[in-house]
Amino acid sequence: MAPVAPGRVRRRVRGSKRPDARGRSAEDWWWDRLAPRGSGYHLLQADSMLLVLPDLEPTRARAHRRAPRRAPRSLARGPTAVAKPRAKPRPEPSLDQGLDSGWGDRIPLEVLVHIFGLLVAAHGPMPFLGRAARVCRHWHEATSHPSLWHTVTLSPALVGRTAKGNLKGEKKLLACLEWLIPNRFSQLQRLTLIHWKSQVHSVLELVGKFCPRLTFLKLSDCHGVTAETLVTLAKACCQLHSLDLHHSMVESTAVVSFLEAAGSRMRRLWLTYSSQTTAILGALLGNCCPQLQVLEVSAGMSCNNTPLQLPVEALQRGCPQLQVLRLLNLIWLPKPCGRGAPQGPGFPSLEELCLAGSTCSFVSNEVLGRLLHGSPKLRLLDLRGCARITPTGLCHLPCQELEQLYLGLYGMSDGLALAKDGSPLLTQKWYHTLRELDFSGQGFSEKDLEQALAVFSGTTGGLPPALCSLNLRGTRVTPSTVSSVISSCPGLLYLNLESCRCLPRGLKRAYRGLEEVQWCLEQLLTSPPSSREST
């Protein structure tokens, strides 16, 4: 592989896809398959992310590239015309005169790896590293650094709409991975596989052999994952502690076998709710993953109306280190505890609880108390769609430093008996730490909201309130209340006033950014009192 100066691109060898007699190695053939002609691998011509360092090449070195000027022809004709002697061409500079081979070779390898690392962090390693490796030997050496390949997402190209076309795309990418994984993925930590239907077993087998530092695995819309594959991967990758199975068809027996093999070190688990989720939760309840910190179960693409029965107290005993619990868009209800049953241990380390949903919710004050009675470290509470929760039930929670509270009812308030008062109980309890507050769709009265938001007018130790996001969509908030809260919260960056019936026309919208929020304040202060009436 001959060195190529920056600004030039080595031509692609045509002909057979296999290494030929022209000196093209197997690695060059692999790069041709990964970034073929027409995909933009001409790095310095197609990509705009490279550095341009002008005036680094000496003027004398550039002079030899210009063609010597021809002597001007004489305008005189006839025998009296005298031909002028041609100017002698300048001698080309020799190597000892400082001929420059290109600025790309003068960048230290450590600096080049750092620059590539910034691009990889923003856009991922592929296809940039594949294209940069073709520039010159120095760049090829930099792109081969294993630290640049710590996070990879692999998705086969859709060759056709049929299943046969998808299989062809998977086999083509798998042929590339057979060289790429052993030679580049030695320090791989996070791997995401998307839309693999038939070859996921072969990919995970390669990962288990050559990626011992793998810590996170995500399978999105993947099929054909067997218990043997996951168990082998858990034994080969001793640092694997996070598994994301959102929207993937994986048998419950395979997941349970994986949790039994790697359960002692599991930290994070993401699942899509199905009829087999109960078996997986049963393994968690049996203290299979005592160190689990993140558990998320969300509804899939297909509608599943079967309620999920969750034994709250058993989950608290099985996962005592849980920090994040998300049950999203699920119809779930807690398993009733018998009379005289002792109270559960709670989640002492819980910091985030998300029970948001767009359907009927069975979460009540009693259920919320069973979940959070032992969670003083809670920072985020998402109860959007939980219409049975009241301010009275929330104010009895043990957490004292809540930062994000979401109580929005999006399109669900029609026909429901909502609480008319009680919002001041929430702001008085958490006004010193609240950064985001969502009252969307709640039925609090005008006076109740005025009292609740007036709490932010006071200061805590001379510091302004920390509130930066406020959602009052569909509430009965008044212009004077909005003006007061904007004036009292200089850090407010998001304000939603859509469908607020007590505000004047033209101001019922969402405001994003400090400039828009301040513009809303100016309009409220300068508008005449007659225009502030409901429209």
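The structure is a predicted model, in which local features need pLDDT of at least 70 and side-chain atom pairs count only at pLDDT 80 or more, whereas totals for chains, interfaces and linings use all residues. Residues are numbered from 1 along each chain as its sequence is written, and side-chain values rest on heavy atoms, with hydrogens and water left out.

With a disulfide defined as a pair of cysteine sulfur atoms within 2.5 Å, a search of the whole structure returned 0 disulfides. Cysteine 237 is buried, its relative accessible area being 0%, and its sulfur lies 6.8 Å from the closest cysteine sulfur, that of cysteine 211, which is too far for a bond. Cysteine 500 is likewise buried, with a relative accessible area of 0%, and the closest cysteine sulfur to its own belongs to cysteine 502, at 8.2 Å, again too far for a bond.

Helices (H or I, at least four residues) and strands (E, at least two) were taken as DSSP runs and numbered from the N terminus. Two packed helices are described by the angle between their axes and the distance between the axes. Helix α17 (residues 479-488) packs with helix α18 (residues 514-526) at an angle of about 135°, their axes being 10 Å apart, where axes are lines fitted to C-alpha atoms, for helices over the stretch in contact, and angles run from 0 to 180 degrees between N-to-C directions. This angle makes α17 oblique to α18, given that angles under 35 degrees count as roughly parallel, over 145 as roughly antiparallel, 65 to 115 as roughly perpendicular and the rest as oblique. With contact meaning heavy atoms within 4.5 Å, Pro479, Val482, Ser483, Ile486 and Ser487 of α17 meet Val517, Gln518, Cys520, Leu521, Leu524 and Leu525 of α18. The residues of this contact comprise 8 nonpolar, 3 polar and no charged, where Ala, Val, Leu, Ile, Met, Phe, Trp, Tyr, Cys and Pro count as nonpolar, Asp, Glu, Lys and Arg as charged, and the others, Gly among them, as polar.

In helix α13 (residues 365-372), the buried residues are Val367, Leu368, Arg370, Leu371 and Leu372, and the elements covering them include α12 (312-318), β9, β10 (352-354), β11 (380-382) and α14 (391-395). Tryptophan 430, in helix α15 (residues 423-430), is buried with a relative accessible area of 0%. Apart from neighbours within four places in sequence, tryptophan 430 is in contact with Leu394, Cys399, Gln400, Glu401, Leu402 and Leu405. Cysteine 395 is 35 residues from tryptophan 430 in sequence, and the two are 9.4 Å apart in space, C-alpha to C-alpha.

Histidine 195, in the loop between β2 (190-194) and α8 (200-210), has a positive phi near 60° although it is a residue other than glycine, and counts as partly exposed at 36% relative accessibility. Asparagine 329, in the loop between β8 (324-328) and β9 (332-334), has a positive phi of about 55° without being a glycine, and is partly exposed, with a relative accessible area of 45%. Threonine 215, by contrast, lies in the loop between α8 and β3 (216-220) and is buried at 16% relative accessibility; leaving aside neighbours within four places in sequence, threonine 215 is in contact with Gln189, Gln239, Leu240, His241 and Ser242.

Notes: Buried < 20%, exposed > 50% of the residue type's maximum accessible area, 1.4 Å probe, protein only.
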